[in-house]
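I opened this entry to look through one chain and its ligand. My notes follow the structure.

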Amino acid sequence: MYAEFYGLKELPFALTPDPRFIYFTPSHTEVMANLHYGIESGKGLVVVTGEVGTGKTTILRWMMQRLDRTVLVAYIFNPRLSVPEFYQHVATLLDVQKWETKSELLMELGRALESRHSRGLRTVLIIDEAQGLSPHVLEEIRLLSNFESDTAKQLQIVLTGQPELREVINNPDLRQLKQRVALRCIIKPLPNIEETDRYITSRLLVAGAERTDIFSASAVDFIFRCSEGIPRNINNLCDNALLAGYAAGELSIDRAVIEEVAETFDMLPSGSRGIQPGAERESPASVFSTAGRAELWAAGTGKSEAETETVAPVPVEQG
Ligand SMILES: Nc1ncnc2c1ncn2[C@@H]1O[C@H](COP(=O)(O)OP(=O)(O)O)[C@@H](O)[C@H]1O
Ligand SMILES: [Mg+2]
């Protein structure tokens, strides 16, 4: 596809949360520092929220790949679990065997955590898309946060999710859980054109670009405005712009191409969109289905994107 035309070794703007492409904005850096601090100092419960497409899953994957071997991680990204399913997952991922009832599991888990803790080993439970967890499962998570020694929590729990997660946790029925939250942080969209420019350049370089001026300054300016600084939207615009540019035989992408793509995908900034005032735009990032993206990707590189970084033996979430 267009990769070769622009001198790229791979597609720079895929929608998968591939941590190889991570670019640390001040907000991503701060969130990463919070996660690191929370886990290292045994804080217990850490909550990270951010709009769809701001990079929550990417950050988690980046972190999981870099955690020391002594850290055991259970990563759950399917929040629509019943309580028994949730415990099944936790037990499997944390390798707790020989249990039949919940109380047996909790006892075994407690023993395992205690033993790991006494050997200086950390155990982390990460739940992505946690805004979808049922109150019952959240209550169980509160129970799990009870495992502690005199000095630290024995199980570190990280919940990430869309902004609704904050409201979920603020539910008066869950106030006990809320009280356990030791750290809270928010992943913000890219704040300005400069960061958007750096983000785009960084992804181009990871994809093997020899020239980083593929997008003109006015194109980047307009990408920022249409994307509202949300990385997934930026990727969508850039990917489609490169495709359009390639089709038109243009080595540089100017603002006009972005305008065209944004128009096609209904991503024009509020002021310039031809929609009725007040009409809500759903997440503009979902213009392509996951299957469609995978197809495009395969067409571009002749292979599907290998996902080797998952720590837990669970299927990999796409995008
Ligand atoms: N800091 C970042 N650096 C590089 N790419 C990012 C960053 N944040 C998000 N992305 C990209 O944006 C897209 C959406 O990220 P994702 O982690 O799936 O967001 P979320 O989980 O918050 O919905 C992915 O393609 C991802 O690679
Ligand atoms: Mg995600």
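**Cover of H10**

I looked up what covers the buried residues of H10, and the cover includes H9, H11 and helix H12 (255-264). Helices (H or I, at least four residues) and strands (E, at least two) are DSSP runs, numbered from the N terminus. I took a residue as buried if 20 or more other C-beta atoms lie within 10 Å of its own, exposed if 12 or fewer, and partly exposed in between, with C-beta atoms placed from the backbone. The model is predicted: local features need pLDDT of at least 70, side-chain atom pairs count only at pLDDT 80 or more, and totals for chains, interfaces and linings use all residues. Residues are numbered from 1 along each chain as its sequence is written, while chains are lettered from A and ligands numbered from 1 in the order in which they are written.

I listed the buried residues in H10: Ala219, Val220, Phe222, Ile223, Phe224, Cys226 and Ser227. Just after H10, I found Glu228 with a positive phi of about 55°.

**H9 against H10**

I checked the axes (lines fitted to C-alpha atoms over the stretch in contact, angles from 0 to 180 degrees between N-to-C directions). Those of helix H9 (residues 193-206) and helix H10 (residues 217-227) come within 9 Å and cross at roughly 105°. H9 is therefore roughly perpendicular to H10; that term covers 65 to 115 degrees.

Which residues of H9 meet H10? I noted Ile193, Thr196, Asp197 and Ile200 in H9, against Val220, Asp221, Ile223 and Phe224 in H10. A contact here means C-beta atoms, placed from the backbone, within 7 Å. By class, this contact has five nonpolar, one polar and two charged residues. Ala, Val, Leu, Ile, Met, Phe, Trp, Tyr, Cys and Pro count as nonpolar, Asp, Glu, Lys and Arg as charged, and the others, Gly among them, as polar.

**Ligand 1**

I counted 21 residues around ligand 1, each with its C-beta atom, placed from the backbone, within 6 Å of the ligand. The closest are Gly55, Lys56, Thr57, Thr58 and Pro231. Helix H3 (56-66) and helix H11 (231-247) each supply at least two residues of this shell. The shell has seven nonpolar, 11 polar and three charged residues.

**Glu51**

I located Glu51 in the loop between strand E1 (45-50) and H3. Glu51 counts as partly exposed because it has 19 C-beta neighbours inside 10 Å. Leaving aside neighbours within four places in sequence, Glu51 is in contact with Gln162, Pro163, Pro189 and Ile230. Glu51 and Pro189 are 138 residues apart in sequence and 7.9 Å apart in space, C-alpha to C-alpha.

Terms used: Angles under 35 degrees count as roughly parallel, over 145 as roughly antiparallel, 65 to 115 as roughly perpendicular and the rest as oblique. Two residues are in contact if their C-beta atoms, placed from the backbone, lie within 7 Å.
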